[in-house]
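Let's take a walk through a protein model together. Please have a look at the picture first, and then we will go from the overall fold to single residues.

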Amino acid sequence: MISCKPALSLAQCLCRKKVVREESVEESHLCRCLTTIDLIALGIGSTLGAGVYVLAGEVAKADSGPSVIISFLIAALASMLTGLCYAEFSTRMPRTGSAYLYSYVTVGELLAFITGWNLILSYTIGTSSVAKAWSGTFDTIIGKPVESFLKGNAKLNSPGLADYPDCLAVCIIMLLAGLLSIGVKESTRVNKLLTAINILVLLFVIIGGFIKGDIYNWNIREEDLMNMTAEAQNLSLVAHVDNGYGSGGFMPYGFSGTLTGAASCFYAFVGFDCIATTGEEVKNPQKSIPIGIITSLLICFLAYLGVSAALTLMMPYYLLDVKSSLPTAFEYVGWSGAKYLVAVGSLCALSTSLLGAMFPLPRIVLAMARDGLLFKVLGKLSTRQTPIVATFVGAVISAVMACLFDLKALIDMMSIGTLVAYTLVAMCVLILSSGLDAIIAAEIGSIFGLVTLLLISVAAVLIIWRQPQNQTKAPFMVPCIPFLPILSMCVNLCLMVQMSAATWIQFSICMAIGLLIYFCYGIRHSVERHHRQGHCVEGTFGNETSADENKDEVI
């Protein structure tokens, strides 16, 4: 049996918790320079990516029709549940590490490593996929010269690889990695500029859509659908017309279609969690991080709501082009020139989304390396107090993936990793608020909730509700404990079980690689293990004691 030292069993090693001394909560080896506005812009830029230009059209045509605005509302409420959990933890633990750190101080080392590894996978795949989308969009705008050249001179013919090496994606990843290594303040300045341009473009789309829109498109009669093929032929849109458009009206596919659309829209709000990784770089983290998370989610919801409403008012939902819905809609109403403005907005949105995926990755790696669970060299800082080694290692891996691989099959795996982190954060809030025993009941409630045993679920919630409450107050706390965290966990679990078997197999392989690293390296080099072999002091978080934290190396 593996053991980290003679006095501890393997189970005790896996469950040991990180202890953060009360006086060290505000300590930071990174540069504290970010303001509340910086965090709001970072959250908006990460969350309000290119999906706002594409997703509304896809969901409206295939799932929801005009009721896509209800789908976004439901998705926003579900995301806000997780956002509130992140907001509370960020006030209790204003340090870098996000969900990884929250798990480490509440549920133990192994689950913390799993959370951190999931986040690393998610951000790496996210960086690669957004970079490929950026290169594809830019290449399309200039007439696809890059694609034509590389397909003709460097075509890849192996299964699982891309059609050609995406050199443009590599260039944009390494360019932004250089920007991130210069300093966090410089990075956020660029992010604020691009986010401002994106929001201005979206305001134009919303205002233009309401000016040129027709309320009739929200109440299309069923008999009108019978004539849609003829209309599509006249508009040369036959390629965008399919069979089965529901029964017309505001909810042509019924409320079930609206809920299906909400599941797709949920992923439009993924990205706000990057704010929680800035705990050691914010001037006033206990105030700024909760405001940043909640405000950015609210603004993103209003943007998605406005764009989806404008889009479905401008054009009948069944004629929407799922690949370029906004340019097609503006052509439909006679504003063809607007497509160039939309293209600029798309590039800015992709750029901020890429920056938002690359920004938290080295900070998660830094936190894990600082705790000894990943290789020590990854925790080194530059003289400008940025995690320079982790930044470039993450960028190189993401660039290789973007250059060579077909990432379509990996996108769902990225979603699993994010949902696992979201679920564990909600679980950690329950532990802090109601005690360890409550989480057992929470898990029972979540599992049984998925198989329609409503009475057992209600009973489990009531048991948790009656647990003794943690009297320690934080500047921000999740309301309606334990109901909101449990609801958040249920939503996340429901979304996870919808993933395909192939996605779960890929996810399992990646998790096996991560666990191999942990059991071969992390479990023996864990800082918490060495703290327990030395002198101990009382800590605030966790039920163990710990020595002084290791210091970051600076290069």
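**A guided tour of the model**

The protein has 23 helices and zero strands; here helices (H or I, at least four residues) and strands (E, at least two) are DSSP runs, numbered from the N terminus. This is a predicted model, in which local features need pLDDT of at least 70 and side-chain atom pairs count only at pLDDT 80 or more, while totals for chains, interfaces and linings use all residues. Residues are numbered from 1 along each chain as its sequence is written, and side-chain values use heavy atoms, with hydrogens and water left out.

How confident is the predictor? The score to look at is pLDDT, the predictor's confidence in each residue, from 0 to 100. Its mean for the protein is 79, and 81% of the residues reach 70 or more. Over residues 436–451, however, the pLDDT is below 50, and this stretch has 26 contacts in the model beyond near neighbours in sequence. A contact means heavy atoms within 4.5 Å. Residues 535–555 also have a pLDDT under 50, and for them the model has 65 contacts beyond four places in sequence.

Now for the protein as a whole. Of its 555 residues, 57% count as buried, where buried means under 20% relative accessible area, exposed means over 50%, and partly exposed lies in between (1.4 Å probe, protein chains only). If you take the contacts between residues at least 6 apart in sequence, 82% of them join residues at least 24 apart.

Let's step inside. Ser-325 belongs to helix α14 (residues 325–332), and it counts as buried because its relative accessibility is 1%. Leaving out residues up to four places away in sequence, Ser-325 touches Tyr-53, Val-54, Gly-57 and Leu-311.

Met-499 sits in the loop between α21 (483–496) and α22 (501–525). Is Met-499 buried or exposed? With a relative accessibility of 12%, Met-499 is buried. Its contacts beyond four places in sequence include Tyr-267, Asp-412 and Trp-504. Met-499 and Met-413 are 86 residues apart in sequence, yet 8.4 Å separate them in space, C-alpha to C-alpha.

Next, the cysteines. A disulfide is a covalent bond between the sulfur atoms of two cysteines; the search counts a pair of cysteine sulfur atoms within 2.5 Å. Across the whole structure, zero disulfides are found. For Cys-85, the nearest cysteine sulfur is that of Cys-428, 9.6 Å away. Cys-85 is buried, at 1% relative accessibility, whereas Cys-520 is exposed, at 52%.

Most residues other than glycine have a negative phi. Lys-144, however, has a positive phi of about 60 degrees. Lys-144 lies in the loop between α6 (109–141) and α7 (145–153) and is partly exposed, at 38% relative accessibility. Gln-385 has a positive phi too, near 60 degrees. You can find Gln-385 in the loop between α16 (360–370) and α17 (388–404), where its relative accessibility of 33% makes it partly exposed.
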